[in-house]
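Student: Please take me closely through one part of this model, joining the pieces into a single account.

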Amino acid sequence: MKRTPLLLMSTALAGLAGAAQATEELNALVWCDHTDPALIEPFEAKFDVKVNLREYEGTGAALALLEQSRPGDWDVLVVDGIDVFRAVEAGILAPLPAADLPEADFFPEVVMEANNTVDGTPYAVTEKFGYNTISYNADKVDAADMQDLGKVWSDKYSGKISIYDYYLPVIGLAAMADGIKTTDITAADLPALGETLGKMRSAAASVAGVVAAQTALATGEVDIVVGGGEWLTAVLEGEQPNLTWTIPDQGAVMWSQSIGVLADSEQPDLALEFVKYIVSPEGQARLATSSCFWGMPANKLAGDHLTPDQKETLRWDSQPEYLAKAQLYPAPDADLDIEMQDLWLETLQQ
C-alpha cells in the first residue's frame with residue numbers, strides 16, 4: 001500500500017535522534033509506522049543498537065534510493081507485499097532462514113508465500129495488513145448504504161466523497177463493484193472500469209493522499225473516503241468515534257507490507273534479529289498500533305499483547321469474515337499496468 005507519512009509522525013525521527021550512544025547502528029528503509037519510538041526503542045535497548053530510519057513513499061522510490069546508495073549503506077527494507085518480487089528481481093534482498101520466521105502463528109491468508117517466496121526460498125515476510133475499503137462519518141451517512149459500493153458513490157453522496165489517490169486499490173474496488181475479481185482484470189475490462197471510475201470521480205470532491213483524505217474526513221469536508229480503512233480512521237477514533245470504516249458486501253482490497261534483509265547488509269545477523277523482532281508477538285502489537293497508522297498484525301499471537309479496546313478498533317474478531325471477503329491488489333503485468341495508470345490519469349482529469 002502506498003503510504004504518505006501522517007502529520008502526527010513528522011517529528012518521530014527527531015525523537016529517535018536523542019537515543020543514548022549505542023555500540024552498533026542499523027539502517028532501515030521503512031514506512032512511517034516503523035518510526036514510532038514505542039516500536040523501535042525496545043529493540044535498541046535489547047541489542048544496544050541505534051536504529052537509523054528513513055521513510056520513503058513507493059517501491060520505486062526505495063529502489064532509487066538503494067541504487068544511489070553505496071553497498072552496505074542499508075540493512076533492512078520494508079516493502080509493499082505485491083512488490084517483493086521487484087526487489088528480488090533487482091537482487092537487493094537476501095534469503096531469509098525459514099526456521100526463523102514464525103509463519104505458523106500467522107493468519108494463514110497473509111503468509112502470502114507466492115509474494116514473499118521465490119523458488120521455495122523466502123526473501124521477505126509479511127508484517128502487517130489491512131484493507132482499502134470505505135471509511136465514513138457515521139453521523140452523516142446511512143451505514144446501510146456503505147455496504148453497497150454502488151451506493152457509496154451514488155448521487156446521494158455527491159460532493160461528499162474523497163478518493164484515496166492510489167490507482168491499484170481504487171481500480172480494484174471499481175472492479176469488485178462491477179463483479180470482476182481483482183486477479184482477473186484484463187485490458188478488455190478497462191473501458192467498463194473507466195465508466196465506473198468516472199461515476200466515482202464525478203461524485204467526489206477530491207482525490208487525495210493519506211493526510212489530505214484523513215483531514216477532509218476529520219473536518220467534515222467529506223463524509224466518505226473511498227479506499228480508506230482502519231489505517232485511516234483508527235488514529236482519529238479516540239476523539240471522533242463517529243469516524244469508522246466497513247467492508248461492503250462486495251468485499252475490499254487487502255493491502256500487506258513485508259520486511260526483509262538487504263543482500264549487501266554489513267550486519268546481516270543484526271538485520272535478521274530486527275526482522276524477527278518485528279514479526280514477534282510483542283513487535284507485532286506495537287507495529288499494529290503505531291501512532292502513524294494502525295493495521296492488523298500478521299502474527300495472531302500479537303492479540304495477547306493488545307488491549308480489548310485496541311482489538312475492537314482493529315475489528316480483531318471480524319478478521320475471518322473480512323479475510324474471506326478480501327481480494328488482493330491487482331497485480332498487472334507491465335503492459336496492463338501502464339494501461340491502468342493511463343486510465344487513472346484520465347479519471348483524474350474528469
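**A strand pair and a disulfide**

Tutor: Glu-25 stands opposite Lys-50 in S2. The model is a predicted one, in which local features need pLDDT of at least 70 and side-chain atom pairs count only at pLDDT 80 or more, while totals for chains, interfaces and linings use all residues. Residues are numbered from 1 along each chain as its sequence is written, and side-chain values use heavy atoms, with hydrogens and water left out.

Strand S1 (residues 24–30) runs parallel to strand S2 (residues 49–55), and seven bridges join them; two strands pair if DSSP finds at least two bridges between them. Helices (H or I, at least four residues) and strands (E, at least two) are DSSP runs, numbered from the N terminus. On the way from S1 to S2 the chain passes through helix H2 (residues 37–47), giving a β-α-β crossover that is right-handed, meaning that, with the strands pointing away from the viewer, the path from the first strand over the helix to the second runs clockwise.

The link of Cys-32 and Cys-292 is left-handed, with -65 degrees about the S-S bond. Because Cys-32 lies in the loop between S1 and H2, and Cys-292 in the loop between helix H12 (281–288) and strand S12 (296–297), the pair ties together parts that are 260 residues apart in sequence.

Note on methods: Disulfide = S-S within 2.5 Å.
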